[in-house]
Amino acid sequence: MSKTFSLYKQATNQWQKAADFFELDRDVRTILSEPKNEVSINFPVRMDNHELRLFRGHRIQHNNILGPFKGGIRFHPMVNHDEVKALAVWMTFKCALVGVPFGGAKGGVTVDPGELSAGELMRLTRRFTHALGGNIGPEYDIPAPDAGTNAKTMAIMMDTFMNAQSATNRNAQRHVVTGKTLTVGGSLGRDKATGQGVVYVLKAWAKEHNFDLKGAKFAVQGYGNVGFHAAHILEKEGAILVAVQDHTGSISNLKGIDAQALKTFNLSGNPITSFEKVEVISNQDFFKLPIDILIPAALEGQIHKDNAHDIQAKVIAEGANGPTTSEGEDILNQKGVVILPDLLANAGGVTVSYFEWAQNKTSSQWSLEAVDKRLLEMMNQAYAHTSEVAKDMKTDLRTASYIAALKRISYAYQERGIFP
Ligand code: NAD
């Protein structure tokens, strides 16, 4: 990607293309054209060697017409203001599409969490949360995990936020973040929710198109929360995991790779490239493999004009946010490759985050079966609606997902009116 590339511009172009399809109200278009609030913070963290290091973080709140701002917190060396802005925009439309009562936000810190000790990471998380202060809150803006953060990060964020509240009010604040560990108020099924949602959407698409998942070969890029769970669950549907790529390299075995065994091996500190019975391949060759399904579940911009021609998959399920560039997408559309877009395919995470938020507010705990059942219903509804809009408007699923989301947002503005 060129230095002048803007992910925010890509996100804006995507929703504006959809807005043109049905002549979205001008006022709503104006409001959505920039985020409501953009907070950037430089904050100091004491490192283990006693040096004080300055880190930069952001929280960007795009829109909250449908409910409190909602969106993940990313810890990654490439985090920057433009990226967080794009991710916040996508959250607005994702929540609207799937029908959870939230708006869109995103946050991030420019840091490589792998380079920090557990103590440094704890201090960074606490200091960032404290610096965010009243910019987050259980009824105002609710963070969740994203790349480089996890349930433990959310438990620390919650604890930090609570400690800044008056003692009598603390336990009413647990829903300030979602995706927490179970012990501190997390939901059953949240850990696997995004990957589970990817598979539910794939199944809905496969059913509609008589595509047999049994025996289908698939590859996953990114083997973290989303990539692993998607692979593990899809494997249970009878599909065969044949290749994995992460930040350390790419591996393949066309006869199949055991998803859980690879994860256990990786979690023990081994790179995926040392796993048994796999061939280490180049990152370019990963995209050329004879597969049926590709699941990008790493970062944005991974499928682009230089590798889209090589992709042999019939369907791409976007576990990651923004994994396909516009040029890459044009090539895939010409080739007839179906893209199950990020707004839809990875919405399982925010959906179960909503369930967690609702459980915290009512001091209840749903069973895993109840979580999975409601998630399935909501993902099926979102898929059916998107597919219907795509057929009605004669467009692709991505544009259809934006049209569906924009209409919901637009109705809310029409009904509420625009203040004052
Ligand atoms: P994670 O940190 O758990 O895992 C990220 C994975 O991507 C790791 O395996 C890492 O090695 C790999 N990776 C990083 N850079 C790479 C590169 N250049 N090439 C190949 N692989 C690379 O993150 P996650 O939570 O699984 O999130 C992954 C994606 O899914 C992100 O785009 C995120 O925004 C999106 N997403 C996450 C959730 C969630 O609930 N965690 C929800 C919706 C969308």
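Where is the place of Lys 277, in terms of the elements on either side? Before I answer, please keep in mind that what we are looking at is a predicted model. Lys 277 sits in the loop between α8 (259–267) and β9 (279–281), and although Lys 277 is not a glycine, its phi is positive, at about 55°. The residue is also exposed, with a relative accessible area of 71%.

There is another residue to look at in the same way, His 50, which is found in the loop between β1 (37–46) and β2 (52–63). Its phi is near 75°, again a positive value in a residue other than glycine, and His 50 is exposed, with a relative accessible area of 64%.

Let me turn now to the ligand. There are 23 residues around it, and those that come nearest are Asp 146, Thr 194, Tyr 223, His 247 and Asn 321. By type, the shell divides into eight nonpolar, 11 polar and four charged residues, and α6 (190–208), α7 (225–236) and β7 (240–246) each supply at least two of its residues.

A polar backbone atom of Gly 319 is 3.4 Å from an oxygen atom of the ligand. On its own the ligand has 830 Å² of accessible area, of which the protein covers 84%.

How values were computed
Residues are numbered from 1 along each chain as its sequence is written. This is a predicted model: local features need pLDDT of at least 70, side-chain atom pairs count only at pLDDT 80 or more; totals for chains, interfaces and linings use all residues. Side-chain values use heavy atoms; hydrogens and water are left out. A residue is near a molecule or strand if one of its heavy atoms lies within 4 Å of it. A polar contact is a pair of N or O atoms within 3.5 Å; within protein, one must be able to donate a hydrogen and the other to accept it, and residues adjacent in sequence count only if both atoms are side-chain atoms. Accessible areas come from the Shrake-Rupley method with a 1.4 Å probe; for residues, only the protein chains shown count as cover. Helices (H or I, at least four residues) and strands (E, at least two) are DSSP runs, numbered from the N terminus. Ala, Val, Leu, Ile, Met, Phe, Trp, Tyr, Cys and Pro count as nonpolar, Asp, Glu, Lys and Arg as charged, and the others, Gly among them, as polar. Buried means under 20% relative accessible area, exposed over 50%, partly exposed in between (1.4 Å probe, protein chains only).
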